[in-house]
Structure formats: structure tokens, C-alpha cells
Amino acid sequence: MNFFSIRHLTRFRYTQPVSESIMEVRMRPRSDSSQHCLSYSLSVSPRCRVFSYRDHLGNNVQHFDIPSEHNQLVIVAESVVELHEHAAIPSFLANDAWAELDQLIESGDYWEMLLPSTFVAETPALLELAAKLDVRRRDDPLMLVHEINQRLYEYFEYEPKSTRVDSPIDEAIVNRKGVCQDFAHTMLALLRHAGIPARYVSGYLSRDRDAHDRSTPDASHAWVDVRLPHLGWVGFDPTNNLVASRRHIRTAVGRDYADVPPTRGIFSGTTESELYVAVHVEASSQPPALDRKLPIPEDWSVLVERAQLPPERPTLPYMDIQQMQQQQ
């Protein structure tokens with residue numbers, strides 16, 4: 001077993017005071033067969049009452065309203081998670097695996113993870129990439145997924161901030177570079193093109209000194225879950241060419257990023273805003289004390305980075321959407 005302490009800081013600063021902020025947060029790690037969230041706390045400044053619910057996919061969601069004037073909004077999510085060892089994933093399945101997958105789809109409710117969604121669509125650029133990578137029903141489903149995972153790792157150059165949080169997949173495909181959000185969306189589109197149910201996973205990746213991870217350590221991470229016969233949902237990380245393992249900490253799943261952003265909200269005011277995000281994941285072999293304060297890393301000021309530049313526009317509406325944090 002492995003234990004992880006996670007701190008996720010989000011800070012919005014406004015050039016002029018805003019009169020109200022409404023926010024929805026998806027930062028609480030899931031509890032399922034492979035991981036268990038031992039503790040979770042969400043701190044908000046200015047102070048407010050936080051409400052919770054669970055959506056139809058089992059994601060934990062917190063939401064709050066700050067109806068008073070403020071110059072900044074700070075959200076700090078702290079978690080302690082226990083991860084179990086993952087069963088080894090084979091390289092291939094039986095010869096009749098495609099037929100078994102179709103029977104699984106016919107008897108289950110996977111239509112949401114097979115159809116196009118906000119950021120996952122069969123665009124001309126995607127279809128051209130599918131032809132280039134020979135993405136079609138051949139071999140068996142698991143062999144094809146392994147191959148797509150590796151081919152996207154080789155196809156894309158990983159470059160932080162080369163795309164925006166709302167970039168369509170065409171931008172990354174044409175330029176052959178992006179961040180984990182783009183890798184995941186492209187892989188989802190290719191898998192659904194082949195008729196394989198696949199969903200977007202939002203979470204964190206713990207750094208390993210011996211690994212050669214390309215993803216940024218001071219941001220949340222994204223990868224893909226694939227539904228396969230006999231194996232259930234299996235995670236694949238095309239950014240790092242990995243099968244999701246004891247280092248991948250899941251917070252939410254959905255059709256794509258639009259379903260599971262770490263934060264989503266609006267504010268009232270005539271102002272510009274700046275968004276800063278910092279993530280710190282600390283691994284340990286023993287469970288940490290659940291009531292302890294997580295230490296503030298010495299390099300925390302280095303971890304705090306600007307997630308997006310302030311929007312450039314001559315006039316600003318009274319109601320505006322909060323900037324969203326891209327998963328790097």
C-alpha cells in the first residue's frame with residue numbers, strides 16, 4: 001500500500017473588488033476498489049459555508065457562494081489517500097475479445113463514453129491521425145489501446161502552456177504538441193472512433209525519482225480510463241506512456257474535461273482576474289496522522305504559477321466566468 005498527502009492551492013485575484021463568487025470544486029479523491037480517501041478538507045477564504053453532493057458518476061463535488069465584496073478568492077484542498085497495488089495488466093486479450101467487448105457494451109450503459117462530447121469529436125484532423133496510426137478494430141482491444149497509448153506519447157511533444165484550457169483537439173494534433181489534457185482528449189477520440197468505451201480521468205500524479213515523467217509536477221493531471229472485457233476500467237496515461245498505477249490518484253471521471261474541471265464558477269463585478277495554481281503531492285509508505293497539518297514545502301513559492309494570462313478585452317461584463325485551470 002502507498003499513502004499520499006495532497007495539497008491543491010487555487011487563488012483568484014481581482015483588479016477591482018467583486019460583489020459575489022459562486023464556485024463548484026472537484027478536488028476530493030474518489031474512493032473505489034483501487035484507492036481510498038482517508039481524509040479531505042476544503043478551506044475557502046473569504047470564509048463561507050461549503051455544500052457537497054455526489055454526481056451520477058460518483059464524483060465528489062463541493063460548491064459555495066460568497067455573496068460579499070472581496071479582492072481575492074483562495075481555495076485550498078488537502079487530502080490523504082491510500083492506494084492499493086494494481087493488478088498487472090496483460091499485453092493482450094483472447095482472440096474473441098472484440099466480440100466480448102461488443103456484448104459488454106450491449107448489456108451495459110456506456111453510451112456516454114462512446115459518443116462525441118465537448119472536447120472529444122471526430123474532426124478531419126482526428127480522422128487523419130486515426131488513419132496515420134492505423135486505429136481500427138484489429139488484433140484485440142487491449143493490444144490496440146497499448147499501441148495508441150505509446151503512439152500518442154511518441155507523436156506529441158509535451159510542452160506546458162502550448163494550448164489553452166479550452167483548446168480543441170485539432171490544435172494539439174496539427175501542432176503535434178500539448179499537455180496531458182490534450183493527450184487524454186485525443187486518445188479518447190481515437191478509442192471512441194474504434195468503438196471502445198473510454199472516459200476522462202482528472203487527478204494527480206505522484207512524482208517518482210526513477211521515473212521519467214513528462215507531466216508538470218505542480219499541476220493536476222489527466223489520463224484515460226478504458227472499459228475492457230474481464231479487466232473492467234483500466235487507466236492509461238499517454239502523456240507518460242504508462243498504465244495507470246500506484247502513482248495515479250483519481251479525483252473525478254467524465255466524458256472529457258468539461259465534466260470534471262477542478263474548479264468552475266462565476267463572479268459578479270467589472271474587473272479582470274488572475275488565476276494561480278499550485279499542487280504538491282507527498283508520498284509515504286506509512287499512513288500519515290490524519291489530523292496533522294500538511295507541511296508547506298520550501299519551494300511552494302516556486303510551485304505557484306500563473307495558469308493563464310488575464311483575458312484581454314476592452315469591456316467586461318458584470319457577470320463573468322472564473323478562469324479554469326488547465327490540467328498539465
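Is V277 buried or exposed, and what is its relative accessible area? V277 is buried, at a relative accessible area of 6% (buried means under 20% relative accessible area, exposed over 50%, and partly exposed in between, using a 1.4 Å probe on protein chains only). Before the close-ups, a word on what you're looking at: this is a predicted model, where local features need pLDDT of at least 70 and side-chain atom pairs count only at pLDDT 80 or more, while totals for chains, interfaces and linings use all residues. Residues are numbered from 1 along each chain as its sequence is written, and side-chain values use heavy atoms, with hydrogens and water left out.

View 1. V277 sits in strand β15, residues 273-284 (helices, H or I with at least four residues, and strands, E with at least two, are DSSP runs numbered from the N terminus). Along the chain, V277 and R11 are 266 residues apart, yet their C-alpha atoms are 6.5 Å apart in space.

View 2. Start with T10, which is part of strand β1, residues 2-18. T10 is buried, as its relative accessibility is 0%. Its side chain makes a polar contact with the side chain of Q325, at 3.2 Å (a polar contact is a pair of N or O atoms within 3.5 Å; within protein, one must be able to donate a hydrogen and the other to accept it, and residues adjacent in sequence count only if both atoms are side-chain atoms). R7 also lies in strand β1. With a relative accessible area of 10%, R7 is buried. The side chain of R7 has a polar contact with the side chain of E78, at 2.8 Å.

**View 3. D55 meets R26.** Here a salt bridge joins the side chains of D55 and R26, at 4.0 Å from N to O (a salt bridge is a side-chain nitrogen of Lys or Arg within 4 Å of a carboxyl oxygen of Asp or Glu). The pair ties together distant parts of the chain, 29 residues apart: D55 is in the loop between β4 (50-54) and β5 (60-66), and R26 is in the loop between β2 (20-25) and β3 (35-45). D55 and R26 are both buried. By the same cut-off, the count for the structure comes to 18 salt bridges.

**View 4. D32 meets R250.** In this salt bridge between D32 and R250, the closest N and O atoms are 3.3 Å apart. It links distant parts of the chain, with D32 in the loop between β2 and β3, R250 in strand β13 (residues 248-254), and 218 residues separating them. D32 is partly exposed because its relative accessibility is 29%, while R250 counts as buried because its relative accessible area is 12%.

View 5. The side chains of E159 and K177 form a salt bridge, at 3.8 Å from N to O. Again, distant parts of the chain are linked: E159 is in the loop between β7 (157-158) and α4 (169-175), K177 is in strand β8 (residues 177-178), and they are 18 residues apart. E159 is partly exposed, with a relative accessible area of 28%, and K177 is partly exposed too, at 26%.

View 6. The structure holds 4 cavities of 30 Å³ or more (on a 1 Å grid over the protein atoms alone, a cavity is a set of points where a 1.4 Å probe fits but cannot get out, and lining residues have an atom within 4 Å of a point).

**View 7. A87, out in a loop.** A87 belongs to the loop between β6 (70-83) and α1 (97-107). At 65% relative accessibility, A87 is exposed. A87 and T163 are 76 residues apart along the chain, and their C-alpha atoms are separated by 34 Å.

Definitions and conventions: 1 Å grid on protein atoms, 1.4 Å probe; cavity = no way out; pocket = protein on both sides within 12 Å on 5 of 7 lines; lining within 4 Å. Points joined across faces, edges and corners; volume = space filled by probe spheres on them.
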